[in-house]
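This report describes a protein chain in words, to be read alongside its sequence and three-dimensional model. Please keep both in view while reading.

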Amino acid sequence: MEFFDNLPAMDLMRSEKMTFVQLIIPFESCHRAISYLGELGLLQFRDLNDDKSPFQRTFVNQVKRCGEMSRKLRFFKYQISKAGLLHATRPTLQPDIDLEELEIQLSEHESELIEMNANGEKLRQTYNELLEFKMVLQKAGGFLVSSQSHTVTQDREVEENLYLNNDYIEKASLLEQEMQPGPSNQAGLRFISGIICKSKILTFERMLFRATRGNMFFNQAPAEEYVMDHVLAEKVEKTVFVVFFSGEQARTKILKICDAFGANCYPVPEDITKQGQITQEVLSRLSELEATLEAGIRHRNKALTSILSHLKKWTVMVRKEKAVYDTLNMLNFDVTKKCLVGEGWFPIFAKPQIQEVLLRATIDSNSEVGIIFHMMDTVESPPTYFRTNKFTHAFQEIVDAYGVARYQEANPSVYTVITYPFLFAVMFGDWGHGICLLLGALILLAHERRLGSQKLGSFMELAFGGRYVLFLMALFSIYCGLIYNEFFSVPFHIFGETAYKCRDPSCSDAHTTGLIKYRDTYPFGVDPSWRGSRSELPFLNSLKMKMSILFGVAQMNLGIILSYFNARFFRSSLDIRYQFVPQMIFFNSLFGYLALLIVIKWCTGSQADLYHVMIYMFLSPTDDLGDNQLLWAQRPLQILLLLLALIAVPWMLFPKPLILRKIHLERFQGRTYGLLGTSEMDLDVEPDSARQHHEEFDFGEVLVHQMIHSIEFVLGAVSNTASYLRLWALRFDNIFIRVAGLAVFAFATAFILLMMETLSAFLHALRLHWVEFMNKFYYADGYKFRPFSFVSLADEDD
């Protein structure tokens, strides 16, 4: 075992060793020290004021100031985006300014923009009103001319349809009264003209008719131009209307209805000459306003362009300042109120860098007192931190999606780098589809630098983040596809001629006569003549099913072995003796033995029925195996393995809780003072490192936990092994592609088979790692190391 202890450490095998530190920072150095630590990004602060609300903290006013500046920057960004100037200029260099100067500049820019927006809004409102007035003058003038040219034939036509009773005359419409001779039109006909949204015109007319009881005449015409609606903040189609009525009471009702419907009313003179004069004046004012608006827009865009050149730098500066003050709010004052006290975690390798940064902060702030850096011990569990690069980051994220590793337990991502793309390829297994996947991965890798600096959509960001995962998946898929000899589900004679021919020399259809071997075995992969033969399904299904079991047994054995290294690392002899050993015995007595029989059957060419062997190993272990015997003394070996499997179950279940109870009682009675490191009570023996907090021992809870763990392992051994049959069951084999047309073939390959097969294989490979592999050794109850870092600040606004 000394050999394993002397092996060099791997960066990803176990998380970085962490230690707890206390910082005592003079007040004059605190801002600069936190800023430098944010640039370094290797210290995770603990919130010492978590019992206080955000408004009770020391630097709440500074945070409010930064929040107000962030609001102004968001306002600038919105105005720039609204003006379409996001890519109109490049950032320019600007001398460094402090927060106070920036705050003054932002206030000045905001006041200037608000004033320009207000003036521009007034001008646009005036312009829209004049534009509506112009259209009303044009349309309503035509209505007034036509209303004065009613013919006598219209009078007669109306008179013939009138009822001659007095009650109807009182309720007759205005148009009818206007056309009738006599005293009914002595009051004179009046009108109101205006403009309204086209979508409201029907309801508007109906409401006018009801309010005046039909004593009105309504005329309308569509406006020639779209007009800006201030309520909807968009250009809408409008309709010009003229309402003819009689009486002051009707006028009041109509004006109220116009106001309720948002209709704008404009006075139109009846005299045609006056209409022309007013129209000319309106056109002249519209021309002047257009020039004024264009000048205002140019001036506003110039101001926004100037802001845009510094916007990114200002945004980063404000975000950093806000992050610094948020972190300072996590610190406490000491008893003298002259220093701030902070606590946090950092990886041991970063100690020299942090000390150097703190010394530089003391010098730059001209402080007479240095920053005290004191490493401490604590009962809290340290955070988990893995140093990753752009290649290993995606695999670590796959593992972390299941759960963050416990501090310094074995990291599954080391093995996931290879096993994940390989198990995916076992299911994907087509070198034509693999080449398509490889081309996509290569495109992402070729544009890595450009895509890495852009904001991508959710799907594209996911694909780009996993570009190296896709690359390895494609390579393994090509390899497995060559073994399966499948190119878009079609076999090829890539590595020479087939080793089989028709049984009958006169035959020409292998589907009906079968195949016989007549030369050496195909040099690499599956012989293409198996495809379409009568023996294809029995041969290939047996091959892939047994191969899946072998892969599953191998990977699950790896998981159990890793549990041994975890127990050895944490110096837990109980976990080795009463968990690792019985698990290995139980699992390999059953499924390891099955894998051995599969290999022996392949090597010897035996016709033994492995289903029969495994079933009757449990039902009738003493019966003669007959033709199913593959080994010498196989029957006593099976009896021995069955007994070992039965002994392993109580071995896993009872000794460990009983021994823990005995040790606890001895410690309680004063016979021993030693602490036993177990998987339930991990103890980091490294000097100056964090120690686990040990809770009160509860024998019932420990026994139940061990019982659940043991039953889960025993039952899971069967279900987990069966789950690896997915590697065989998910193989796609679509023979209809051969006869499909070129367009159908391309669509089915690219969008159905390729995408669906990729997604299905990806998800099932994920499940095999999370459930079948990682549950053998991976507790995943840790928490991530999240240092205070300016790099990790969100790209979007707060």
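This is a predicted model: local features need pLDDT of at least 70, side-chain atom pairs count only at pLDDT 80 or more; totals for chains, interfaces and linings use all residues.

On the surface, Tyr-479, Phe-492, Ile-494, Phe-495 and Phe-524 form a nonpolar patch with about 420 Å² of accessible area together. Patches here are made of residues with over 30% relative accessible area and no salt bridge, where like charges are joined within 9 Å and nonpolar side chains (Val, Leu, Ile, Met, Phe, Trp, Tyr) within 5 Å. Accessible areas come from the Shrake-Rupley method with a 1.4 Å probe, and for residues only the protein chains shown count as cover.

Residues are numbered from 1 along each chain as its sequence is written, and side-chain values use heavy atoms, with hydrogens and water left out.

**The chain as a whole**

The protein chain holds 26 helices and 13 strands, where helices (H or I, at least four residues) and strands (E, at least two) are DSSP runs numbered from the N terminus. Of its 798 residues, 44% count as buried, and the accessible surface comes to about 43,800 Å², of which 59% belongs to carbon and sulfur atoms. Among contacts (heavy atoms within 4.5 Å) between residues at least 6 apart in sequence, 79% join residues at least 24 apart.

**Nonpolar cores**

In soluble globular proteins, nonpolar side chains tend to be buried together. A nonpolar core is a set of buried Ala, Val, Leu, Ile, Met, Phe, Trp, Tyr and Cys residues joined through side-chain atoms within 4.5 Å. In this model the largest such core has 74 residues, and those with the most contacts inside it are Phe-586 and Phe-587. Helix 20 (residues 573–604) supplies the largest share of this core, 11 residues. Leaving aside neighbours within four places in sequence, Phe-587 is in contact with residues that include Val-553, Met-556, Ile-560, Phe-713 and Ala-717. A second, separate core of 56 residues includes Phe-45, Phe-59, Leu-311 and Leu-331.

**Salt bridges**

A search of the whole structure finds 24 salt bridges, each being a side-chain nitrogen of Lys or Arg within 4 Å of a carboxyl oxygen of Asp or Glu.

| Pair | N to O distance |
|---|---|
| Glu-132 and Lys-238 | 2.8 Å |
| Lys-134 and Glu-225 | 3.3 Å |
| Arg-467 and Glu-448 | 2.7 Å |

Glu-132 and Lys-238 form a salt bridge; Glu-132 lies in helix 4 (residues 99–147) and Lys-238 in strand 7 (residues 238–245), so this pair ties together parts that are 106 residues apart in sequence. Glu-132 counts as buried at 3% relative accessibility, as does Lys-238 at 4%.

Lys-134 and Glu-225 also meet in a salt bridge, and this pair links Lys-134 in helix 4 to Glu-225 in the loop between strand 4 (217–222) and strand 5 (227–229), 91 residues apart. Lys-134 is buried, with a relative accessible area of 12%, whereas Glu-225 is partly exposed, with 34%.

Arg-467 counts as buried at 9% relative accessibility, and Glu-448 is buried at 16%. Elsewhere, Arg-46, Glu-343 and Glu-380 are linked in a network of salt bridges.

**Individual residues**

Leu-625 is found in the loop between helix 21 (610–619) and helix 22 (634–653), and counts as buried at 12% relative accessibility. Not counting residues up to four places away in sequence, Leu-625 touches Gln-634, Arg-635 and Gln-638.

Gln-79 has its place in helix 3 (residues 60–82) and is buried, with a relative accessible area of 6%. With residues up to four places away again not counted, Gln-79 touches Asn-117, Arg-300 and Leu-304.

For disulfides, defined as pairs of cysteine sulfur atoms within 2.5 Å, the count comes to 0. Cys-66 counts as buried at 0% relative accessibility, whereas Cys-603 is exposed, with a relative accessible area of 64%.

Note on methods: Buried means under 20% relative accessible area, exposed over 50%, partly exposed in between (1.4 Å probe, protein chains only).
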